[in-house]
Structures are given as structure tokens and as C-alpha cells.
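I opened a new notebook page for this protein. Below is what I looked up, entry by entry.

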Amino acid sequence: HRSQVLRLIATCLLIFMALSNCSSGTDHGVKQTKPQEEVLYSSYCKGCHGKEGTLMLGGAANLKYSRLGVEDIIQVVTEGRGTMAAFSTQLTEAEIELLAAYVKSLQKN
């Protein structure tokens, strides 16, 4: 009896894991990926600014209330500011532009 319960639990876990990897069902098994700007933000910014830009860890700005334009954000990401490192050697210009547009989208209107 115990082995049947364990098998049932294992089966349920496998089904749950398979379903959690599925999306709405309209992609016919093609895995959905995050847009590149979200991946960049998660990789380089989320640790200090948080998912929504409001974490403010280690002196990081609250991006939600920032009034910087895209060009200014590009400059900050490229050159750094305060305790924030410059990312000009880690990111391409195109990646910085994508990232700046994403950061701008986090701002409260």
C-alpha cells in the first residue's frame, strides 16, 4: 500500500512539473522565452533594483519614481552612478538601449 502511495505522489509530481512548463497551450509545445530586455534587467539590475524597480538595495535608485529619460538612463547604465557599476564593458550598445527602454517602462506615469 505504501509503495502505491509513493508511486501516486511521484506521478502527481511529474504531472505537475510537466504542466508548470506548459504555457497557454497555443504555442504547440514551443517554450516561451522572456524578451531580451527582461532577461538583461533580471541579470544586471534586479539584484539591487528589484523586479519592479523599487527594491533600492545598497543605495540603488527607485526606478518607479525616476524621471530620467532614455538617453540619461543609457548614460547611467554605460558609465555608472554613485555605487552603481558601469556596464559598458559587459553589455553592447544595443543591449544597453534595450535595457534603458525597459527601465523607462518601469517608471510611474
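**Entry 1: the cysteines.** I am working from a predicted model. I began with Cys 48, which counts as partly exposed at 41% relative accessibility. Then I looked at Cys 45. That residue is buried, with a relative accessible area of 10%.

**Entry 2: the overall fold.** I counted secondary structure next. The protein has five helices and zero strands. Along the sequence I wrote the pattern down as α-α-α-α-α. The protein has 109 residues, and 24% of them are buried. I also looked up contacts with a separation of 6 or more. Of these, 46% join residues 24 or more positions apart.

**Entry 3: helix H4.** I turned to H4, residues 70–79. Which of its residues are buried? I found Ile 73, Ile 74, Val 76 and Val 77. Looking down the axis of H4, I saw these buried residues fall within an arc of 165°, so they line one face of the helix. Glu 71 and Glu 79 are on the other side of H4, and they are exposed.

What covers the buried residues of H4? The cover includes helix H5, residues 93–106. I also checked the residue just after H4. It is Gly 80, and it takes a positive phi of about 85°.

**Entry 4: the largest pocket.** I looked up the volume of the largest pocket, which is about 450 Å³. The pocket is lined by 22 residues. Closest to its centre are His 49, Ala 60, Ala 61, Val 76 and Met 84. Val 76 was already in my notes as a buried residue of H4.

Which helix gives the most to the lining of the largest pocket? It is H4, with three residues. Helix H3, residues 46–49, also supplies at least two residues of the lining.

I sorted the lining by class last. It has 15 nonpolar residues, six polar and one charged.

Conventions: Residues are numbered from 1 along each chain as its sequence is written. This is a predicted model: local features need pLDDT of at least 70, side-chain atom pairs count only at pLDDT 80 or more; totals for chains, interfaces and linings use all residues. Side-chain values use heavy atoms; hydrogens and water are left out. On a 1 Å grid over the protein atoms alone, a cavity is a set of points where a 1.4 Å probe fits but cannot get out, and a pocket is an open set with protein on both sides within 12 Å along at least five of seven lines; lining residues have an atom within 4 Å of a point. Grid points are joined across faces, edges and corners, and a volume is the space filled by probe spheres set on the points. Helices (H or I, at least four residues) and strands (E, at least two) are DSSP runs, numbered from the N terminus. Ala, Val, Leu, Ile, Met, Phe, Trp, Tyr, Cys and Pro count as nonpolar, Asp, Glu, Lys and Arg as charged, and the others, Gly among them, as polar. Buried means under 20% relative accessible area, exposed over 50%, partly exposed in between (1.4 Å probe, protein chains only). The arc is that of the directions from the helix axis to the C-beta atoms. Contact means heavy atoms within 4.5 Å.
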